[in-house]
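Q: I have a model open and want to learn to read it. Can we go feature by feature?

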Amino acid sequence: MTRARLTRRARGFTLLELMVSLVAGLFVALAVVGLSTQAMNTFHEESRTAAAEMSLRTAVERLRADIQRAGFMSSGNAQRDPYIAHAPASPIMPTSGTYNGIYKLAGIHLDYQGSMALTPLSTAAGFTPDAIELGGNFTTTDDYVVRYQEDGRSACGGVRLWLAIDSPAMWRILSQSNPNASLDAAFQPVSGRPFAVRVTDDTGHFQYLPTCTGVTAGVTGAGIAATAFVDLDTTAMPLLNAQQTGTNGGTTGLGVGRLRVNPVQTVRWEIRPIDTSKSGDAPYAALASTAGDKYELFRTFEDATGALTEQPELVAEYAVDLKFAFSADLDPVVTGNGQRTLTVYGFSDTHNKTVADDVAQNVTATPQRIRSVHFRLTTRSATADREETVSMPAANAQQGAYPTRYCVLAACTAGQTGWARIRSITSESSTPNLAKLFY
């Protein structure tokens, strides 16, 4: 083989061949990058949607649990309840005073379109979220047997109720790793704030009183040698005895084994932005949006004065709408077949507010006849990744069409990426504690 032939066979690629191969490889690489980018975007979009749905479902179950406890160990109307102990020829309970929260003992109070105004975003989306206040016992299912009462002994100079250690309720408390904190948390879910308690005597009559502002309840010692107490502030609302009430209940003697006590609270559900100027919102400061386009679903305790506490619970991020409607038994007359007439209202019906009226402002109101609560909760994805809006057709005339996109900008136009996908759950929860109120 000649040297010329060997030289020709040993030559590499020409420049033209290299350029053609590089261009071909570039096209292949661009195609791979494009496919991977699209796959990654789809993955993140679905991940955001899944997160919104998970948050929504968790919040719905939390809200449903609270609705089912509305009226639990509380009263349907503190001004008309015949089982509230009171002095003869005197109002069952006053309608106002220092502890306004105790006068709002009805199971449900609807603040129609009362969540913090979400302008301009809610206006553009057509949302007018409600807020709701639920009264009942949300910290425990127990009432506690009182061993005896001691006047002037509480931390605020009122009545101290010493609890029986050998009751099942206290056995459950003493089995906790920190029984002192567990008992105090049951009666005072937010530290340093007064809350209401219901004291039940042996005639089945109730009295509602506030706890002391500082330490409300506690346990010292362990086992059968332990002592436990609940401190009441009786300055504005005294604990009445049988002599003061006549035949309307009241305490007898030292109340040995004849009294029971349980906590009562009010919780408020609402949609609002995180307010970093509030001390209670400080733990959520990192979640706040500087653009003003992000709102959260909060659950907050109200104390015995009726004031919101400074420890809100963030239940769901990116909440955009919260609506309530009721099924109510408004006809006290039983029909011929033994059934009562049930009226069902839509979400946009203003009669919902009347049905769930605050009986503190309407002393002649009958107990609430709400038999079930319909609610609709809506959350959105964290990122606006859609260029158009979509609406579901109207299910009925009262509900109207419902959007499935939420504009996070002051205004959105077609082709502009400013729409976030939203997910809604409409559900219903019964109110078993209100079903037995017919006085």
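Q: In β18, which residue is the bridge partner of Thr378?

A: First, the ground rules. This is a predicted model, in which local features need pLDDT of at least 70, side-chain atom pairs count only at pLDDT 80 or more, and totals for chains, interfaces and linings use all residues. Residues are numbered from 1 along each chain as its sequence is written, and side-chain values use heavy atoms, with hydrogens and water left out. Strands (E, at least two residues) and helices (H or I, at least four) are DSSP runs, numbered from the N terminus. Two strands pair if DSSP finds at least two bridges between them. Now your case: the partner of Thr378 is Ser424. Likewise, Arg376 has Thr426 of β18 as its bridge partner.

Q: How many bridges join β14 to β18?

A: Nine, between β14 (residues 370-380) and β18 (residues 419-430). The two strands run antiparallel. Strand β17 (residues 405-407) also pairs with β18 in the antiparallel sense, over three bridges. There, Arg405 stands opposite Arg421.

Q: What is the order of the strands in the open sheet?

A: The order is β13-β12-β14-β18-β17, five strands with antiparallel pairing. β13 (343-344) and β17 are the edge strands, each pairing on one side only. As a general idea, side chains in a regular strand alternate between the two faces of the sheet.

Q: Which residues of helix α6 are buried?

A: Buried means under 20% relative accessible area, exposed means over 50%, and partly exposed lies in between (1.4 Å probe, protein chains only). In α6 (residues 179-187), the buried residues are Pro179, Leu183, Asp184, Ala186 and Phe187. Seen down the axis of α6, they fall within an arc of 155 degrees, so they line one face of the helix. That arc is taken from the directions from the helix axis to the C-beta atoms.

Q: Is His205 buried or exposed?

A: His205 is buried, with a relative accessible area of 13%. His205 sits in the loop between β5 (196-200) and β6 (206-210).

Q: Where is Val23 found?

A: Val23 belongs to helix α2 (residues 15-68). Val23 is partly exposed, at a relative accessible area of 40%.
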